[in-house]
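Dear colleague,

Below is the structure I promised to pass on, together with its sequence. My notes on what was found in it follow.

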Amino acid sequence: MPLRYTSCSMQPAYHAQLAPFLNRILLGDCREVLKQLPDESIDLIITSPPYADQRKEVYGGIHPDHYVEWFLPISAELKRVLKPAGSFVLNIKERVVNGERHPYVLQLIMEMRRQGWRWTEEYIWHKKNCYPGKWPNRFRDAWERLLHFTKQKQFKMFQEAVMVPMGEWKHERLKKLGENDLYRFNSRSGSGFGKRIANWMEREYAYPTNVLHMATECYNRYHAATFPVELPAWFIKLFTEQGDVVLDPFMGSGTTAVACVRLDRRYIGIEIKEEYVHLAEERLLKDYPEKERERYQQEWNKAVNRFSRDLLNEFADESGQLDWERIVRFNSGRE
Ligand SMILES: C[S@@+](CC[C@H](N)C(=O)[O-])C[C@H]1O[C@@H](n2cnc3c(N)ncnc32)[C@H](O)[C@@H]1O
């Protein structure tokens with residue numbers, strides 16, 4: 001059994017071995033850095049990896065034909081570090097190659113299922129404000145996938161946390177209640193589903209659909225592929241509680257970390273480009289100028305990040321395993 005450590009009675013427990021990584025954006029290749037994280041220690045993984053080689057000039061990329069073989073060792077590590085009741089949300093979209101959609105996302109889903117993941121759900125991010133364009137064989141692309149993977153059938157989910165106001169629909173629909181609406185009406189398609197519309201009379205909030213209508217946001221001209229803070233925030237509310245640990249192995253400009261700080265969750269980020277690590281740290285600092293506590297924490301993280309690579313070099317053996325006894329001795333001043 002791994003050691004458990006509770007920082008205060010209000011916070012859920014987390015692995016003691018995770019402590020050095022909490023609320024940090026680690027500089028490095030996630031294929032290597034992930035190996036340092038302990039087993040079954042993360043509550044939610046949400047990330048947006050490079051969509052094959054769509055932005056090759058900006059931060060490199062992988063040819064679509066090799067995408068699955070590149071990603072599978074990463075998803076194996078993600079599966080190892082995720083808690084049994086945790087979730088993995090993968091924001092991805094297949095790119096167009098030679099006039100048609102390349103099937104690497106579909107192939108990846110099949111291979112991840114073979115790896116032992118359950119493909120629990122697919123959410124769609126509808127980009128409300130995507131800019132207009134014209135292509136000879138298709139319309140402008142206004143949506144991306146958010147694939148929801150889990151390790152088991154029962155997983156942590158807080159549906160009430162993302163309920164939406166009933167709005168005008170309620171008044172319009174409920175004004176005209178028909179006979180079918182007053183008792184449980186079984187679907188004519190024979191699907192076995194039934195509904196009783198009158199149940200919603202008393203309610204102000206309803207459960208959302210699996211289509212998320214959110215505008216794209218460009219946080220910074222130095223990072224071309226950010227997602228809006230609302231997007232990770234929605235999944236963080238849905239799949240985690242306060243104090244839980246959220247991992248983004250392709251952190252980019254720090255959007256997931258910003259959502260975590262706002263929602264009082266802990267984050268771990270990994271980013272291969274040093275300039276993006278700095279961008280994310282600056283962003284986190286700016287986001288909370290008035291809150292001294294967070295500012296202090298971020299300053300501290302920034303200082304630690306400068307040393308984190310050296311620290312890992314210092315305490316890891318050749319296979320990448322950390323020597324925790326030495327770290328504890330070091331932390332307690334005995335080394
Ligand atoms: C699509 S962007 C993520 C954007 C992020 N969601 C945001 O809102 O800013 C993908 C990021 O992954 C980084 N990256 C690419 N390969 C990586 C690797 N092997 N390990 C860690 N980061 C990597 C890129 O530098 C880039 O910043």
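Which residue in E16 is the bridge partner of Arg24? The partner of Arg24 in E16 is Ile268, and the pair belongs to the parallel pairing of E3 with strand E16 (residues 266-271), which runs over 4 bridges. Strands count as paired if DSSP finds at least two bridges between them, and the helices (H or I, at least four residues) and strands (E, at least two) are DSSP runs numbered from the N terminus.

Before the rest, please keep in mind that this is a predicted model, in which local features need pLDDT of at least 70 and side-chain atom pairs count only at pLDDT 80 or more, while totals for chains, interfaces and linings use all residues. Residues are numbered from 1 along each chain as its sequence is written.

The overall picture

The secondary structure of the protein comes to 11 helices and 16 strands. Of its 335 residues, 30% count as buried, where buried means that 20 or more other C-beta atoms lie within 10 Å of the residue's own, exposed means 12 or fewer, and partly exposed is in between, with C-beta atoms placed from the backbone. Among contacts between residues at least 6 apart in sequence, 66% join residues at least 24 apart; a contact requires C-beta atoms, placed from the backbone, within 7 Å of each other.

The sheet

An open sheet is formed by 8 strands in the order E3-E16-E15-E4-E5-E9-E8-E14, and its pairing is mixed. E3 and E14 stand at the edges with a single partner strand each, so one side of each is left without a neighbour in the sheet. From one strand to the next the twist averages 20°, with axes being lines fitted to C-alpha atoms (for helices over the stretch in contact) and angles running from 0 to 180 degrees between N-to-C directions.

Both senses of pairing can be seen at E8. Strand E8 (residues 118-127) runs antiparallel to strand E9 (residues 143-150), to which 8 bridges join it, and Glu121 has His148 as its bridge partner in E9. With strand E14 (residues 211-214), E8 pairs in the parallel sense over 4 bridges, and here Ile124 stands opposite Val211 of E14.

The helices

Helix H3 (residues 67-81) has 15 residues and reaches 22 Å from its first C-alpha to its last, close to the 21 Å expected at 1.5 Å a residue, the expected span being 1.5 Å times one less than the number of residues. Its buried residues are Tyr67, Val68, Phe71, Ser75, Leu78 and Val81, and they pack against E4, strand E5 (82-92), helix H4 (104-114) and strand E15 (245-248).

How do H7 and H8 pack, and at what angle? Helix H7 and helix H8 (residues 255-262) meet at an angle of about 50°, with their axes 8 Å apart. That makes H7 oblique to H8, since angles under 35 degrees count as roughly parallel, over 145 as roughly antiparallel, 65 to 115 as roughly perpendicular and the rest as oblique. The contact is made by Pro232, Ala233 and Ile236 of H7 and by Thr255, Thr256, Ala259, Cys260 and Arg262 of H8. Because 7 of the 8 residues of H8 are buried, this helix is largely enclosed by the rest of the structure; the buried ones are Thr255, Thr256, Ala257, Val258, Ala259, Cys260 and Val261.

Loop residues to look at

Asn23, in the loop between strand E2 (14-15) and strand E3 (24-27), has a phi near 55° and is buried, with 20 other C-beta atoms within 10 Å. Glu40 has a positive phi of about 40°; Glu40 lies in the loop between helix H1 (30-33) and strand E4 (42-47) and counts as partly exposed, with 15 C-beta neighbours inside 10 Å. Just after H8, Asp264 takes a positive phi of about 60°.

Finally, Pro50 is placed in the loop between E4 and helix H2 (56-59) and counts as buried, with 21 C-beta neighbours inside 10 Å. The C-alpha atoms of Pro50 and Gly252 are separated by 10.0 Å, although the two are 202 residues apart along the chain.

With best wishes

Definitions and conventions:
Two residues are in contact if their C-beta atoms, placed from the backbone, lie within 7 Å.
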